[in-house]
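Subject: Structure handover and findings

Dear colleague,

I am passing the structure on to you with this email, and my notes on what was found in it follow below. Please read them alongside the sequence and the coordinates.

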Amino acid sequence: MPGTASTSPRCQASSVAPRLSRRERCFVRCLAGANSQAPRARSQRSISRRSPQPRASGFQPDKVPFPGAVTSASPLPAAPQPTPLDVELQGLSPLEAQKRLTGRVKAARSLADFAAVIHAGGRLVDAICLVAILSGLPRAVQRAALPVLTTSGTSSSGSSASRGGSGASGAGASTQLQLPEQEARELAALAGGVVALVRLRLREFDLNGLVTVTVGLAKLGGYVAVEAAVFRTILTHLEPRLPGLGTKALANLMWALATAGVQPCGSWLSRYYAAVERQLEEGAWGGGDLANLLWGLAKFDLMPEVWLMDQLAAACLAQLQRSHCAADGATALTCLARYSCTYNYRLPDEVLGAYLAALQPGLRAAAPGDLVAIVHSAVCMSHMPSRPFMLEFYGAVLERLAPTGTAAAAATAPAAASAAAASGATTGGAAAAGGVGAGARAGHGHAHAHHPQGELSGADFSRLLWSLSRVDCTPPRSWLREFVEVATPKLGSLRHRALSELVWALAVWDAKPSGRFLDEFYRVSARRLHEYPPAQIADTLSALSKLGCRAPAPWLGGMLAAFCASLLVAQQQQQGSAAAAAAVGPEVRSHELVAVLEAAVDIADDRVWLGQPQQRRLLQLLADTAASKFAVFDAVSHSRLVLALARANLCPGAAWLAQQQASLASAWRSDGGADIDTATAAGLRQAYRAWDVELDSGLAAELEGLGLQQQ
């Protein structure tokens, strides 16, 4: 009825919100889930187009058939570009800008990051920011540097960045960190800007900041040139403040100056020594700090007062007895050996024995270069290590001689150098610290930056053999057999000096090598005959003679020809030849002449070959050159020379024999012939008789008298 409210159920339902069906409610829930998960789904799809990511529950990628629903997702806004640093600094107060710059430096990881700070900051870069830059920039440089495999020996000292070889005596594979050309140019420009800012802010640095700046610039100097004048300016500001430096700062300061090649002197050095003395009495020195300090002083050949050196040596020993650190001990002993050779400063044998005893527990974990440096330094100081120490040392050395190590070392050297750079980056550059590792201190270089169980380089192998052949402790026979086996594959990577030292060490140990070793030795050394100086030829032939080896004729002929070529150069030099003046060669000593002639006759495996005209000319040249040195011959050298010529069936000529007999008679009268035994005298009489030579009356009487004494 009109005007009357309807009470029917349908009319009541129309007055409230319409109810959705079950199907419609499901569509609404799906749409809500899709909208909430759309950004996450887009981010997941942007990760990879190859592997589909799992979808969230309730998400429907198909179009939802709901009236009026919008199913296409709106595009995400692009990520905002980072604000340039110079724009970011606009409107800030100087203090806020300096804080912002320092924060950027702490977050910097690449050369470009540091360059952006320097470029945008300009004169706003204060002393605190510069300290942070020179703490972090060397680490960024190490990350940008590439390990380069080198085979040429280098000096055993230098900066931590460029130090990679060990010595010119061997040519083992070693690694050096080098910057690519583009990065090197960027670093040079960046270093110039940093140096200019350091000069500007020099009066604002505190004491530790000055040390950190010095260390940072020294590290950069290993990659690009840093002018020495800035170091001298820093030294001038440091001099009145030296008494306030602690142990680590004193050590790292001397390391930095030695690395940069800026030697202090005068009153500065006196104040520095006074500060070191005070810290030795009051401070607690670490082993690495003492090693850094000694390395820096030794590189400059700076010799403090003896009593101060005694205190430094005692502090090193006390620290080593606690730490047993082979790296610190190797550096300390290397520096002490240098002082011994330069200034005749040598610790007593009992103190050196205590050093080695303190290092003995750490030998198995020592780096290869440190292992060699310990014994090499002891031998240089004429100290014979004890037998227990040497037995432990022999075991540690054998672990470093892997038969296939050469190829493995070449393959793993870049990775090892990168790891070493990363390791050094975590410790270098701290405020007032900026220290380096022991390998960089002692100059063993990146070849020693490998894992402690790494292989010996060629240079270290040569130094090791030189040292072991002079130690009065023969290795066990089982060790010698294994040593020969593991050394055989290394022969191809050794240079001439290492090859000579190897065969000489075997002769000293009376360890005759295997046929496989000798075949490889002859093959490798034949390729390097042009590199052998006369002394190493004499040592090599003498060692083979002592071992009772026989050398193939082509190899021996090459050795004799190389030795005689040196004799011809020496003769031309004496005659003043212009061509010889341009080809200066090493001097040939009298005992080397005798040793080569005697050993060549002894190890020749073909006597017929030895009597051929070409070989006889070489032997005659040896005899004639020896005649020019008869004035320095003693009776024993004369006897060895004559007997070798007799065994070679070579008569040197009547004039030569007359001169030789007169010289022998004179030498016999001067020393009484005490070193000539009866067998040698009989051999001389027989040789002269075979050559149908009339004996000098005085010499004949001496020889006859020696024969009568025998009867």
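A salt bridge is taken here as a side-chain nitrogen of Lys or Arg within 4 Å of a carboxyl oxygen of Asp or Glu, and by this rule the count comes to 18 salt bridges. The model is a predicted one, in which local features need pLDDT of at least 70 and side-chain atom pairs count only at pLDDT 80 or more, whereas totals for chains, interfaces and linings use all residues. Residues are numbered from 1 along each chain as its sequence is written, and side-chain values rest on heavy atoms, with hydrogens and water left out.

Salt bridges

Lys-248 and Asp-289 form a salt bridge through their side chains, at 3.1 Å from N to O. This pair links distant parts of the chain, since Lys-248 belongs to helix H10 (residues 247–260) and Asp-289 to helix H12 (residues 287–299), 41 residues apart; helices are DSSP runs of H or I with at least four residues, numbered from the N terminus. In terms of relative accessible area (buried under 20%, exposed over 50%, partly exposed in between, with a 1.4 Å probe and protein chains only), Lys-248 is partly exposed at 39%, while Asp-289 is buried at 8%.

A salt bridge also joins the side chains of Asp-301 and Arg-338, at 3.0 Å from N to O. Asp-301 sits in the loop between H12 and helix H13 (306–323) and Arg-338 in helix H14 (residues 326–343), so this pair ties together parts that are 37 residues apart in sequence. Asp-301 is partly exposed at 29% relative accessibility, and Arg-338 is partly exposed at 36%.

Arg-523 and Glu-520 form a salt bridge whose closest N and O atoms are 2.5 Å apart, and here both residues lie in helix H23 (residues 515–526), three residues apart, or about one turn of the helix. Arg-523 is partly exposed, at 43% relative accessibility. Elsewhere, salt bridges that share partners join Arg-364, Glu-392, Glu-399 and Arg-400 into one network.

Aromatic residues

The structure holds 15 aromatic pairs, a pair being rings of Phe, Tyr or Trp (its six-membered ring) with centres within 6.5 Å, called stacked if the planes are under 30 degrees apart, edge-to-face if over 60, and tilted for the rest. Tyr-339 and Tyr-343 form a tilted pair, with 6.2 Å from centre to centre and 35° between the planes; these two tyrosines are four residues apart in helix H14, about one helical turn. Tyr-339 is buried at 1% relative accessible area, whereas Tyr-343 is partly exposed at 37%.

The rings of Phe-521 and Trp-555 have centres 6.3 Å apart and planes at 50°, so this pair is tilted as well. The pair links distant parts of the chain, with Phe-521 in helix H23 and Trp-555 in helix H25 (residues 553–574), 34 residues apart. Phe-521 is buried at 1% relative accessibility, and Trp-555 is buried at 4%. One aromatic cluster is formed by Tyr-394, Phe-461, Trp-479, Phe-483 and Trp-509.

Helix H29

Helix H29 (residues 613–627) has 15 residues and should span 21 Å at 1.5 Å a residue, which agrees with its end C-alpha atoms being 21 Å apart; the expected span is 1.5 Å times one less than the number of residues. Its buried residues include Gln-615, Leu-618 and Thr-625.
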